[in-house]
Structures are given as structure tokens and as C-alpha cells.
Amino acid sequence: MRPTAKFSISFGLVTIPVAAYNATDTSASVSFVRIHTADGGRVRNQPVCSLEGVEITQDEIGRGYKPGDGDTVVPLSDEDLDALPLPTAKTLTILAFVAGGDIDPLQMGKGYYLGIDSPAAAKPYVLLREAMERHQRVGLGKIALHGRETLAMIRPMEGALVMQVLLWPHQIRSMDGVLPERQAEVARNEVSAAEALMDSFGELSEDDLHDHYRESLEEIVAAKLAHREPEFPAGEEQPAGEVMDLMAALQDSVRAAKRSRGEDEETASPSGRTAKKGAAKKSTAEKSTATKSTAKKSAAKKQTAAKKTASRGGRRAG
């Protein structure tokens, strides 16, 4: 695996030369190409000059910046960008250490594995990693990648350091218009039922982390090439339609989750059905115990009465 960038991490007066490697593989995701539906020919994006209307080569393409909403574009050369006063061009300076939960997941972007770029970097690399692990903190700093300065988060993971590119706060849109004007109210027992449903989900399986969409798409492609119908395994039909009884839906969901794991269906209800069965059994047991107790007391009374009668008869005989 080849590094995509090399820079140094500045941790106070400690400098750690590192190499950044792509942690994700976008080529493994499903992608499509554009085609002409009439004949299946590829539709390509051709670079064309808007002024001359002619196609240009890659060597003739440069960078430009629009300073406003108008049509003005200011050309920028590589020399212009190299002259920018960016201390983050070759160094990621850690500015603060915070709890990982303080980072908004909306800000998280592409991830990179960070490896040492020289033998001398091994000890400070391990030092920073272990300090963050023990302190349970992540490092926040700024770095210039691919000609742009960006926020970055450094965190330990499985014996290594990982860098996550972060969006700037102004790149996160406001939630205006997202939330409903009138908030719905839920009852406490509905929340409890939802919690019981959450508990019933269990852990993720390998099948849950499998890209079934990609496999299904490849089956369609293979079927088209072989001039046959695609073959898909029969899956469980998902319920459709609007849920009117929220509580009943929660209860049925818990029971379905329990059955899928082969558990006793009686333990699946978060409401009171199983509890009612338990209460009925308890009541029956209590009644049985009470009956036995009454029978014992009755027998004891009869024995006492018999002894008194026998005692009186003995005194009369004497």
C-alpha cells in the first residue's frame, strides 16, 4: 500500500514524521457508467473550453477561483498556491485533546492510517498513541491535504494511529425546517417497549455486514450476459403500510426478534402478556398454598378437639 501524503505530527515540542495511507476503498463500492440508451455507447465527460467551444487536453487545464457570485474567475498557478502562508502544509499541529464523543459525527470525513516515516519516529509514535489510549482522548488539529487546509482528528485504533478528516463547522447545515412544528408525545410505557425492542436486537452478525446489493447486481449482470433470468434467494417479506397501533407494533417486533433467535416466545412481549401469565401462575400458587394452610389448620383443630374429648372421657371413667 502506497502512502498518499507525508507530513509530521507536532505534539508540543515532539515531532513525529508519518505517512498517510487511505483507510477506505471506494473502488469496492457499486458504481455505474453513463451510456446512450439507444445503442449502449459510453457517454463521456469531455473537457471543453466555454469561450472557444473546443475540447482541450489535460495539460491545458489549470485552477481558477471565483471570488463572488459573478462570472469572474481568477487564475491561480501552482506557484501561487505554494506561496500561501500555511504552517499546516507539511505539519499537523495538534491544537487540543478532547473526548471522542465531543466530535459531531456529521463532521467526519475520509479516514487515513498513519504509519511512521522514519525509525526515529517509532518511540514518539507509540508514546502519543498510548497517552491518548490511557487518557481516553483524541487529538484535534489542522493539516493541508491536496492543496486545502482541513480540520483533522487523530485517534488510536488497534495499535496504530488513525487520522479522520473533519468538515469545518460552517460546512454543517442548519436544521431549520427539518423538525416538525408540533412535537409528538409518547407515553412512558411506549418508551419502555421501545427499549425492550432495542435490547432484543442483539449483536451484528457477519451477514449483516455483507454487501448483498453488490452480489444481487452482479447476478443481474451475469444473467443478462447468459441470456437467462436472474436467480435470487427467497427473502423474508418486509411488512408494508402505515403503523397505526404503535404499542402493538413494538410488541410484535420484540416477539419476532425473539423467534428469529429461537428464544421462548413467552419472554418476547415487553408489555404485560407474559407478566399476566406469570401473575396468573403466581396467583394459582398462592391459592394452592393458602388452601394447604387452611387444611392444616383444620386438621390441627380436629386433633385438639379429639384430645379434649378423650381427656374428659378419662376423667369421667376415673
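Residues 24 or more positions apart make up 56% of the protein's contacts with a separation of 6 or more, a contact being heavy atoms within 4.5 Å. The structure is a predicted model, in which local features need pLDDT of at least 70 and side-chain atom pairs count only at pLDDT 80 or more, while totals for chains, interfaces and linings use all residues. Numbering starts from 1 along each chain as its sequence is written, and side-chain values use heavy atoms, with hydrogens and water left out.

As for the overall make-up, the protein has six helices and nine strands (DSSP runs numbered from the N terminus: H or I of at least four residues for helices, E of at least two for strands). Of its 318 residues, 17% count as buried, that is, under 20% relative accessible area with a 1.4 Å probe, protein chains only.

Seven of the strands form a closed barrel in the order β1-β2-β6-β9-β8-β7-β5, with mixed pairing; two strands pair if DSSP finds at least two bridges between them. Within it, β1 (residues 5–11) runs antiparallel to β2 (residues 14–22) over seven bridges, and K6 has A19 in β2 as its bridge partner.

Then there is the largest nonpolar core, at 21 residues, where F7, I9, L92, L114, L145, I154 and M163 have the most contacts inside it. Such a core is a set of buried Ala, Val, Leu, Ile, Met, Phe, Trp, Tyr and Cys residues joined through side-chain atoms within 4.5 Å. Elements giving two or more residues to this core include β1, β2, α2 (122–135) and β9 (160–166). Setting aside neighbours within four places in sequence, M163 touches residues including F7, L92, L114, L145 and I154, along with K110 and Y112.

Technical notes: Buried < 20%, exposed > 50% of the residue type's maximum accessible area, 1.4 Å probe, protein only.
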